[in-house]
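Hi everyone, thanks for coming.

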Amino acid sequence: MATAVKITTVGNSAGIVLPKEILSHLNVQKGDSLYITKTNGGVQIVPYNEEFVAQMEVAERVIGKYKDALRRLAE
């Protein structure tokens, strides 16, 4: 699923408007929070989930601690 959206001004910030099809696919609605992560291919947007956030925090600590070893394994 690929959907084009435009960046718009929201106060002093920038934002995007998500079409209702995307909101439905994510099973979220106005007022809900989303979690955005950077990936090799761009970004990933998922519904905010406390368990997911905790897992990402652990992953970031592990990656930080073992970044040299992970880099060598990736070669």
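Asn 27 sits in the loop between helix H1 (20-26) and strand S3 (34-39); helices here are DSSP runs of H or I with at least four residues, strands are runs of E with at least two, and both are numbered from the N terminus. Although Asn 27 is not a glycine, its phi is positive, at about 60°. Is Asn 27 buried or exposed? It counts as exposed, because its relative accessibility is 69%. For the cut-offs, buried is under 20% relative accessible area, exposed is over 50%, and partly exposed lies in between, with a 1.4 Å probe and protein chains only.

A word on the model before I go on. It is a predicted one, where local features need pLDDT of at least 70 and side-chain atom pairs count only at pLDDT 80 or more, while totals for chains, interfaces and linings use all residues. Residues are numbered from 1 along each chain as its sequence is written, and side-chain values use heavy atoms, with hydrogens and water left out.

Now to the hairpin. Strand S1 (residues 7-10) pairs with S2 in the antiparallel sense over four bridges; strands pair if DSSP finds at least two bridges between them. Two residues separate S1 and S2 in this hairpin, and Gly 11 in the turn has a positive phi of about 65°. Thr 8 has Gly 15 as its bridge partner in S2.

Ala 14 also belongs to strand S2 (residues 13-16). Which residues does Ala 14 touch, leaving aside those up to four places away in sequence? They are Ile 7 and Thr 8, where contact means heavy atoms within 4.5 Å. Ala 14 has 58% relative accessibility, so it counts as exposed.

Let's zoom out. The protein has three helices and four strands, and along the sequence they follow the pattern β-β-α-β-β-α-α. Its radius of gyration is 16 Å, well over the 11 Å that the globule rule gives for 75 residues, so the protein is more spread out than a compact globule. That radius is taken over C-alpha atoms, and the rule is 2.2 Å times the number of residues to the power 0.38. The C-alpha trace spans about 40 × 30 × 25 Å along its principal axes.

Buried residues make up 11% of the 75 residues. Among contacts with a separation of 6 or more, 2% are between residues 24 or more positions apart.
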